[in-house]
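Subject: Structure for your review

Dear colleague,

My notes on it follow.

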Amino acid sequence: MTDAAIAELRALCDILAPAGRESRMTRHMADAFGRHSSDVTVDWQGNVTATFGTGSPSVVLCAHMDEIGFVVRDVTDDGFLRVERVGGVGRRAALGSAVMALGDDEPIPGMIGLASHHLTPPADYWTVPPVEEWYIDIGSASASEAAEMGVRVGTFVTFAPNFRRLGPDKVMSKTLDNRISCWALCELARRFAEDPPPGVVHLLANVQEEFHLRGLIPAVKRLDPDLALTLDITPAADTPDLKGRNTVRLGGGPAVKIMDFHGRGSLNGLLVPEFLVEWIESTADAAGIPTQREIVVGVVTDGAYLPSLDIPTAALAVPTRYTHSPSEVVSLDDLAKTADLCEQLARRVGDVHLEGMSR
């Protein structure tokens, strides 16, 4: 990836846009799409769609814009913020992290507090307090002072921007999930503007995946595509603590979803039809793009709801370390290859064996 492409990715990662408060990302993606398409739509939720090409078949490529975060449920008399999680914030990694509260006028820096190490009883060394006990310190001395700073009950909070290069090929940031896929959509918009695809390609940057997975449904229903392809991250198990949990690793190329399943309080997931897996893998082979297969329990993405709309759905993912932590890590080569594969798939939707589809 070029320096300009990495700078664009950094700009996306630095945007503060937790689920339910995606307006900053909505504006950014609408502007980015608008530079390459005259057919850009923003719906009442904040979903942004750019359409390229004419005729049939039609495909929608979806990437969620939102990130995990918090919402303030109480401000204590001495100015600390009590919060609820918005999305699956990793409990172990969050304590002590820098955050930004989305104040009335501007973001307010703060941190998630934790007991000073010197005063922590030995019995608490290896425990994580429940979220109900968490607090955020923004430097205010009272609830009224917090309100003067623009923070009150209902204020949303995200992790603070921290984009960094790691070695020659990797980057770290608070919200690679899922701004890497938003970057891929922006790159595809550029390519399709220069060389329109056969058929119709919709690029959809959608809201509220991290909260309830359903933010994309109204937009997809309106588009009524023949096929859907969702883009997201998937946990890589190539670190010492996760070896053997799955076969996904950084540097192995895009992950082709076979199955995901939440498995924690939700019988929800996606089983990708065999004919779509074959289409993706044969397209990748023809283009010389390496792929790896993804089978993961503990993950579910918003593609899980699209088959119920009678839309055949497949999914690609960029392998990611330390998911849902303040410092996720990906390979830039994997991201570039994911964008390349998405382009090839969008140009070969007609190769899908339509007799295998319900439409």
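Is E187 buried or exposed? At a relative accessibility of 15%, E187 counts as buried, where buried means under 20% relative accessible area, exposed over 50%, and partly exposed in between (1.4 Å probe, protein chains only).

The model is predicted, so local features need pLDDT of at least 70 and side-chain atom pairs count only at pLDDT 80 or more, while totals for chains, interfaces and linings use all residues. Residues are numbered from 1 along each chain as its sequence is written, and side-chain values use heavy atoms, with hydrogens and water left out.

Salt bridges

A salt bridge is taken as a side-chain nitrogen of Lys or Arg within 4 Å of a carboxyl oxygen of Asp or Glu. The count by this rule is 18 salt bridges. One of them joins E187 to R190, with the closest N and O atoms 2.6 Å apart. Both residues belong to helix α5 and stand three residues apart, about one turn of the helix. Helices (H or I, at least four residues) and strands (E, at least two) are DSSP runs, numbered from the N terminus. Through shared partners, salt bridges connect E8, E187, R190, R191, D195, D340, E343 and R347 in one network.

R190 also meets the side chain of E8 in a salt bridge, at 3.1 Å from N to O. This pair links distant parts of the chain, with E8 in helix α1 (residues 3-14) and R190 in helix α5 (residues 176-194), 182 residues apart. E8 counts as buried at 18% relative accessibility, whereas R190, with a relative accessible area of 24%, is partly exposed.

A further salt bridge is formed by R179 and E67, whose closest N and O atoms are 3.0 Å apart. Here too distant parts of the chain are linked: R179 is in helix α5 and E67 in the loop between β3 (58-64) and β4 (69-75), 112 residues apart. Both residues are buried.

Helix packing

Two packed helices are described by the angle between their axes and the distance between the axes. Axes are lines fitted to C-alpha atoms, for helices over the stretch in contact, and angles run from 0 to 180 degrees between N-to-C directions. Angles under 35 degrees count as roughly parallel, over 145 as roughly antiparallel, 65 to 115 as roughly perpendicular and the rest as oblique.

The axes of α5 and α9 come within 10 Å and cross at roughly 50 degrees; the two helices are therefore oblique to each other. Their crossing is right-handed, a crossing being right-handed if the near helix is turned clockwise from the far one by less than a right angle, and left-handed if anticlockwise. On the α5 side the contact (heavy atoms within 4.5 Å) is made by I180, W183, A184, E187, L188, R191 and F192, and on the α9 side by L335, A339, D340, C342, E343, A346 and R347. These residues divide into nine nonpolar, no polar and five charged. Ala, Val, Leu, Ile, Met, Phe, Trp, Tyr, Cys and Pro count as nonpolar, Asp, Glu, Lys and Arg as charged, and the others, Gly among them, as polar.

Helix α9 (residues 332-347) also packs with helix α8 (residues 274-287), their axes coming within 10 Å and crossing at roughly 110 degrees. That makes α8 roughly perpendicular to α9. This crossing is likewise right-handed. From α8, the contact involves W279, I280, T283, A284 and A287; from α9, L341, Q344 and L345. Six of the residues in this contact are nonpolar, two are polar and none is charged.

Backbone geometry

Most residues other than glycine have a negative phi, and most peptide bonds are trans. The peptide bond from S56 to P57 is cis, with omega near -5 degrees, and P57 lies in the loop between β2 (48-54) and β3. A cis bond also runs from D177 to N178, with omega near 10 degrees; N178 is in helix α5.

Positive phi values are found at D224, near 50 degrees, and at Y322, about 60 degrees. D224 sits in the loop between α7 (217-223) and β13 (227-235), and Y322 in the loop between β17 (313-321) and β18 (328-331). D224 is partly exposed at 43% relative accessible area, as is Y322 at 44% relative accessibility.

With kind regards
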